[in-house]
Amino acid sequence: MNVIIEPIGPLRRHLEEGHKSATVTLPDGATVTDALSALGVSEDAQWNASIEGQLVYGDAEVSDGDHLLVFSPIEGG
Amino acid sequence: MANGFMGRILSIDLTNGSLTEQPVDDSLAHDYLGGYGIGTKILYERMKPGADPLGPDNILGFTSGPLTGTPALTSGRYTVVGKSPLTGTWGDASSGGDFGPFMKFAGYDFVFFTGVSEKPVYLLLDEGKASLHNAAYLWGKDTQDTDDILREEYGKRYTRVSCIGPAGEMQSLMACVMNDKGRAAGRSGLGAVMGSKNLKAIVARGKLKVPMHDEKEAALLRRRWIPRLNEAGNLFHDYGTAGITEGAILTGDSPVKNWSGSAVDFPTAINIGGDEVISEQAKRYGCWRCTISCGGHMKPGAGRLKESHKPEYETLTMAGTDILNDDLNSIIRFNDICNAYGLDTISTGAAAAFAVECFQNEILSVDDVGFELKWSDGDAVVALTELIAKREGIGALLADGVKVAAEKLAQGSEEFAVHAGGQELPAHDPKFVPALAVTYRMDGTPGRHTQGGVGWIMGDGYMEDTRSDKFSAEGFGELHNKAASMVHVANATGICLFGFNAYNIDFITQFLEIVTGHGYTMEELELAGERIGTLRHMFNLREGLNPLEMEFNPRALGKPAQTEGPNAGVTIDDDALIGDYLRAMDWDPVTTRPSDAKLEKLGLRELVGAS
């Protein structure tokens with residue numbers, strides 16, 4: 001299945017220059033963590049993620065066609 | 001004279017126009033650091049309890065820290081202090097830009113105003129000379145025109161202006177003090193205090209240097225620290241605080257639908273998020289010599305000011321999620337109106353959300369407002385903000401904040417007034433950051449997100465939250481005091497909280513030593529921070545204001561718990577958190593007065609008197 005990952009902020013460094021998102025191909029049953037690993041995000045990285053406006057955690061299963069938004073957990077402002 | 005200071009505390013009685021100066025005493029600088037630390041000491045000593053916040057006995061102070069205007073990183077801050085007309089408590093509000101450093105370059109560290117001028121005036125600080133001038137020709141002008149006129153008059157290069165707009169002149173309790181056309185000392189309603197004194201502006205002109213213990217080493221130290229910006233700093237460099245918006249909304253940190261909704265009600269967070277904001281930015285800018293440079297000027301757009309500034313996270317959410325408004329241009333226009341008229345965007349957004357909920361519950365009508373108020377209507381937010389700014393129609397009701405508006409409206413509208421003791425809550429939800437349930441109530445300035453808290457603002461490399469989970473009261477109090485005390489240190493020394501989070505904590509101690517010549521230990525700084533925080537609290541107790549008796553809207557605590565969204569099922573046990581904090585602080589569990597032993601330890605017993 002294919003999942004679109006759209007990082008916001010510094011996590012963009014995992015994308016090719018000039019791109020706003022990337023599509024990763026994953027096996028059935030793959031999780032959010034699996035999707036981010038496929039993009040090259042390290043296991044130690046801190047992030048929050050959402051699908052269709054709902055917060056999702058690392059162990060949540062992703063589905064074909066999901067659009068995964070990943071953003072910094074930094075608070076403030 | 002203490003290094004890091006120009007050595008002048010200026011006191012002005014606006015009733016008779018007298019100006020007096022005193023030096024900055026070494027022991028005062030050591031014990032209270034500077035900024036609102038020294039401001040707290042001076043106001044506690046000079047102001048009588050029970051002073052009318054909008055009367056002649058309130059004292060309005062402009063304060064800078066020992067690091068303000070030095071090579072120390074992110075040292076562009078100044079803080080306005082006074083008794084808040086919104087809450088009746090201690091009030092302060094910090095701002096960046098250039099004005100703070102220029103106040104020092106003009107020869108002054110602190111300026112305190114008492115009394116009321118018969119006619120509008122402005123104060124000129126000019127390389128060690130101070131004078132009052134007629135401001136009748138500026139009265140009624142917005143903050144950007146005021147800034148332009150005064151800088152044109154005194155020379156743009158070495159002149160900066162801090163002023164109020166029409167909102168402050170009309171004493172809107174949500175009025176702020178503005179500088180550099182887009183930076184705001186926003187909270188506590190101190191723009192109204194400035195207006196009540198008929199004080200339009202302070203003009204700081206000069207190019208004096210801040211005396212330092214080792215000027216050459218300070219410059220070298222800066223060069224060594226600049227490359228050490230962390231990920232938080234890089235995010236703010238790239239996006240400003242707008243960069244946290246989507247994350248904050250989706251995790252449950254941001255208020256939604258006047259604190260009654262959740263992220264589920266606002267699935268279009270991305271429309272007001274960092275990337276969308278940056279796509280509207282013409283150019284990034286920074287406060288005085290700031291390495292983060294989180295500010296920005298916006299591209300021209302429909303209805304925008306000629307100099308339109310990038311909205312902060314707080315503005316994006318208080319005029320966005322809190323009203324279910326994902327129309328970014330309306331938020332930029334809202335920000336422009338607030339900047340021009342001199343209104344706090346947090347309080348003004350909260351007032352707009354309050355009005356919409358009142359309308360939806362038939363407490364307000366088209367006859368009252370002049371148009372329909374509904375959720376998700378950006379144009380209505382802009383129209384309402386213009387009325388608030390001009391204090392016209394329904395705007396006159398809302399201009400003094402949600403507490404006053406609810407008292408006038410009644411009919412159950414109190415439920416929709418989300419505030420702590422009169423101060424509208426900012427856009428960080430205690431259900432997501434439980435420590436803020438304590439900070440919002442127990443800090444000297446109610447409803448303040450720019451004060452410390454465990455799991456909140458803890459600096460880089462300073463401390464960790466070692467509790468089992470963020471809701472736990474076990475061990476909370478000690479950690480919370482540690483976090484809060486160090487934020488007082490950053491604020492009092494003139495350091496921006498974004499710098500506090502973006503560089504390792506060691507930069508503050510190192511710059512303090514090089515600039516002041518005094519090698520503070522971390523324990524000394526923590527004690528100074530606690531001293532400052534405790535004296536702000538004592539100011540409130542002297543006014544008869546016990547924070548445990550403060551009005552606090554239960555929506556912010558999950559009472560009742562939400563049924564959906566990231567904070568579903570969460571109810572904050574604020575009694576347990578506050579109880580542990582009072583124990584750790586050695587404050588009485590009922591009166592909240594610190595024990596005599598604690599006051600003695602902090603060196604405050606003589607000042608506040610024994611119990």
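**Figure 1. The interface of chain B and chain A in a predicted model.** Together the two chains bury about 1,800 Å², 64% of it on carbon and sulfur atoms. Buried area is the accessible area (1.4 Å probe) that two parts lose on being put together, summed over both. In chain B, B:Glu231, B:Leu250 and B:Asp275 lose the most area to chain A, together 27% of what that side buries. The contact (heavy atoms within 4.5 Å) takes 25 residues from chain B and 18 residues from chain A. This is a predicted model: local features need pLDDT of at least 70, side-chain atom pairs count only at pLDDT 80 or more, and totals for chains, interfaces and linings use all residues. Residues are numbered from 1 along each chain as its sequence is written, chains are lettered from A in the order in which they are written, and side-chain values use heavy atoms, leaving out hydrogens and water.

**Figure 2. A salt bridge between the chains.** The count between chain B and chain A is one salt bridge. The term means a side-chain nitrogen of Lys or Arg within 4 Å of a carboxyl oxygen of Asp or Glu. Here A:Arg12 pairs with B:Asp275, and the closest N and O atoms are 2.5 Å apart. Three elements of chain B give two or more residues to the side that touches chain A: α8 (231–239), α9 (245–251) and α11 (313–318). Of these, α9(B) gives the most, with five residues. Helices (H or I, at least four residues) and strands (E, at least two) are DSSP runs, numbered from the N terminus.

**Figure 3. Chain A, with one helix and five strands.** From the N terminus on, the order is β-β-α-β-β-β. The radius of gyration of chain A is 12 Å, close to the 11 Å that the globule rule gives for 77 residues, so chain A is as compact as a globular protein of that length. That radius is taken over C-alpha atoms, and the rule is 2.2 Å times the number of residues to the power 0.38. Of the 77 residues, 48% count as buried. Buried means under 20% relative accessible area, exposed means over 50%, and partly exposed lies in between (1.4 Å probe, protein chains only).

**Figure 4. Chain B, with 25 helices and 16 strands.** Along the principal axes, its C-alpha atoms fill a box of roughly 60 × 55 × 50 Å. Of its 611 residues, 66% count as buried. Take the contacts in chain B between residues at least 6 apart in sequence: 71% join residues at least 24 apart.

**Figure 5. A salt bridge between two loops of chain B.** B:Arg304 meets B:Glu280, with the closest N and O atoms 2.8 Å apart. The pair links distant parts of the chain, 24 residues apart. B:Arg304 sits in the loop between β14 (295–298) and α11, while B:Glu280 sits in the loop between α10 (274–279) and β13 (281–285). B:Arg304 is buried at 14% relative accessibility. B:Glu280 is partly exposed at 25%.

**Figure 6. Further salt bridges of chain B.** B:Lys156 pairs with B:Glu152, the closest N and O atoms being 3.9 Å apart. B:Lys156 is partly exposed at 45% relative accessibility, whereas B:Glu152 is exposed at 56%. The side chains of B:Arg467 and B:Asp465 also meet, at 2.9 Å from N to O. B:Arg467 is buried at 11%, and B:Asp465 is partly exposed at 27%. Salt bridges that share partners join B:Asp92, B:Asp443, B:Arg448 and B:Arg536 into one network.
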